[in-house]
Amino acid sequence: MATLYVVCYWVHITCVTLSGSFFLVRGIWMLQDNVLLQHKFVRIAPHVNDTILLTAAVGLAVITQQYPITHNWLTIKLVLLLAYIGLGVVALRGATRTRRITAFVAALACFAAMVGTALFVR
């Protein structure tokens, strides 16, 4: 079980890093009105990565028997994740440039708060 935990942990950490990096790059491209945002790989890869990330997170929760609602730090991360997803959608598809920029900055703050919660709150 310890080996499965280590694998899930490192898959999760790797996917978190990739997820944040993908979002940051796509947000910068959004600010630049870059045509690279329309490439198929750019549209699909983050979703594949985030699916793996979520699967690893659920695996870690099951292995460690720590679940949202019963563990406050996981509840905080879940709420921040939902906000990050919603803000990310607005940031990349919002109606106005001002809304997209505001949502982008707020989504980055949610991402940073999730990482901070994972590292410093238990």
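Reader: How do H1 and H4 lie to each other, roughly parallel or roughly antiparallel?

Author: Begin with the angle: under 35 degrees counts as roughly parallel, over 145 as roughly antiparallel, 65 to 115 as roughly perpendicular, and the rest as oblique. The axes are lines fitted to C-alpha atoms, for helices over the stretch in contact, and the angle, from 0 to 180 degrees, is taken between N-to-C directions. Here the axes of H1 and helix H4 (residues 97–120) cross at roughly 165 degrees and come within 11 Å, so H1 and H4 are roughly antiparallel to each other.

Reader: Where do these values come from?

Author: The model is predicted: local features need pLDDT of at least 70 and side-chain atom pairs count only at pLDDT 80 or more, while totals for chains, interfaces and linings use all residues. Residues are numbered from 1 along each chain as its sequence is written, and side-chain values use heavy atoms, with hydrogens and water left out.

Reader: How many helices and strands are there in the protein?

Author: Both are DSSP runs, numbered from the N terminus: helices are H or I with at least four residues, strands are E with at least two. The protein has 4 helices and 0 strands, and its pattern along the sequence reads α-α-α-α. Its C-alpha atoms fill a box of roughly 45 × 25 × 20 Å along the principal axes.

Reader: At what angle do H3 and H4 pack?

Author: At about 160 degrees, with the axes of helix H3 (residues 72–93) and H4 8 Å apart. By the angle rule, H3 and H4 are therefore roughly antiparallel to each other.

Reader: What is the handedness of the crossing where H3 passes H4?

Author: Look at the near helix: if it is turned anticlockwise from the far one by less than a right angle, the crossing is left-handed, and if clockwise, right-handed. H3 passes H4 in a left-handed crossing, and H1 passes H4 in a left-handed crossing too.

Reader: What share of the residues in the protein is buried?

Author: Buried means under 20% relative accessible area, exposed means over 50%, and partly exposed is in between (1.4 Å probe, protein chains only). Of the 122 residues in the protein, 29% are buried. Val48, in helix H2 (residues 40–64), is partly exposed because its relative accessible area is 45%. Val90 lies in helix H3 and is partly exposed at 34%. The C-alpha atoms of Val90 and Thr64, 26 residues apart along the chain, are separated by 34 Å.

Reader: Where is Asp33, and what is its phi?

Author: Asp33 sits in the loop between H1 and H2. Its phi is near 55 degrees, a positive value in a residue other than glycine. Asp33 counts as exposed because its relative accessibility is 58%. Now take Gln65, in the loop between H2 and H3: this residue is not a glycine, yet its phi is positive, about 55 degrees. Gln65 is exposed, with a relative accessible area of 57%.

Reader: Which residues form the nonpolar patch on the surface?

Author: Tyr5, Val6, Tyr9, Trp10 and Ile13 form it, with about 450 Å² of accessible area together. One of them, Val6, is in helix H1 (residues 2–32) and counts as partly exposed because its relative accessibility is 43%. Patches are made of residues with over 30% relative accessible area and no salt bridge; like charges are joined within 9 Å, and nonpolar side chains (Val, Leu, Ile, Met, Phe, Trp, Tyr) within 5 Å. A salt bridge is a side-chain nitrogen of Lys or Arg within 4 Å of a carboxyl oxygen of Asp or Glu. Accessible areas come from the Shrake-Rupley method with a 1.4 Å probe, and for residues only the protein chains shown count as cover.
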